[in-house]
Amino acid sequence: MGICPYKITDFLPQRGSGIKRKLEKMKKISAHIKQKEHRKIEIIGEYIRLDALLKLAGAVMTGGHAKMVIQEGEIKVNGEICTARGKKIRPGDEVLFENVIYEVV
């Protein structure tokens, strides 16, 4: 085994590099990204299937795309990950996908 030619200080930021300023900027950006958009989706009838809701809302373009995002666990229904594309969504339920909350009315 050889001796490592680097010192720990080689990997630390140098004075005047503006690390604090960069961290503050990153915090502001991440706070902005986390805001969720709300959209109301009106349905006719007692319920709508989850995959059909995503298509109706324009969140996905095709049923195949809906199936894929649901199976990959990218959808939350009322705060819980849902992988059942036939899940019945009723008025009052909220579906979260890509930082958009779809509220069914």
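Student: Which residues of α2 are buried?
Tutor: In α2, Leu50, Asp51, Leu53, Leu54 and Ala57 are buried. Buried means under 20% relative accessible area, exposed over 50%, and partly exposed in between, with a 1.4 Å probe and protein chains only. Helices are DSSP runs of H or I with at least four residues, strands are runs of E with at least two, and both are numbered from the N terminus.

Student: Where do they sit, seen down the axis of α2?
Tutor: They fall within an arc of 160°, so they line one face of the helix. The arc is that of the directions from the helix axis to the C-beta atoms.

Student: What kind of model is this?
Tutor: A predicted one: local features need pLDDT of at least 70, side-chain atom pairs count only at pLDDT 80 or more, and totals for chains, interfaces and linings use all residues. Residues are numbered from 1 along each chain as its sequence is written, and side-chain values use heavy atoms, leaving out hydrogens and water.

Student: What does Asp51 touch?
Tutor: Ala66, Ile70 and Arg85, not counting residues up to four places away in sequence. Contact means heavy atoms within 4.5 Å.

Student: And Leu54, which residues is it in contact with?
Tutor: Leaving aside neighbours within four places in sequence, Leu54 contacts Ala59, Val60, Ala66, Val69, Ile70, Ile75 and Val95.

Student: What about α3, which of its residues are buried?
Tutor: Ala66, Val69 and Ile70. Down the axis of α3, these fall within an arc of 100°, so they line one face of the helix. They pack against α2 and β6.

Student: What is on the face of α3 turned away from its buried side?
Tutor: The exposed residues Gly64 and Gln71.

Student: What follows each helix?
Tutor: Gly58 follows α2, with a positive phi near 80°.

Student: How many residues are in the largest nonpolar core?
Tutor: It has 21 residues. Those with the most contacts inside it are Leu50, Leu54, Ile75, Ile89, Val95 and Tyr102. Elements supplying at least two residues each are α2 (50–57), α3 (63–71), β6 (94–97) and β7 (100–104). The largest share, 4 residues, comes from α2. A nonpolar core is a set of buried Ala, Val, Leu, Ile, Met, Phe, Trp, Tyr and Cys residues joined through side-chain atoms within 4.5 Å.

Student: Now the strands. How many residues of β7 are buried?
Tutor: 4 of its 5 residues are buried, so β7 is largely enclosed by the rest of the structure.

Student: In what sense does β7 pair with β1, parallel or antiparallel?
Tutor: Parallel, over 5 bridges. Glu37 stands opposite Val100 in β7. Two strands pair if DSSP finds at least two bridges between them.

Student: And with β6, parallel or antiparallel?
Tutor: Antiparallel, over 4 bridges. Val95 has Tyr102 in β7 as its bridge partner. β6 and β7 form a hairpin with 2 residues between them, and Glu98 in the turn has a positive phi of about 50°.

Student: How far apart are Lys40 and Val104?
Tutor: They are 64 residues apart in sequence and 5.9 Å apart in space, C-alpha to C-alpha.
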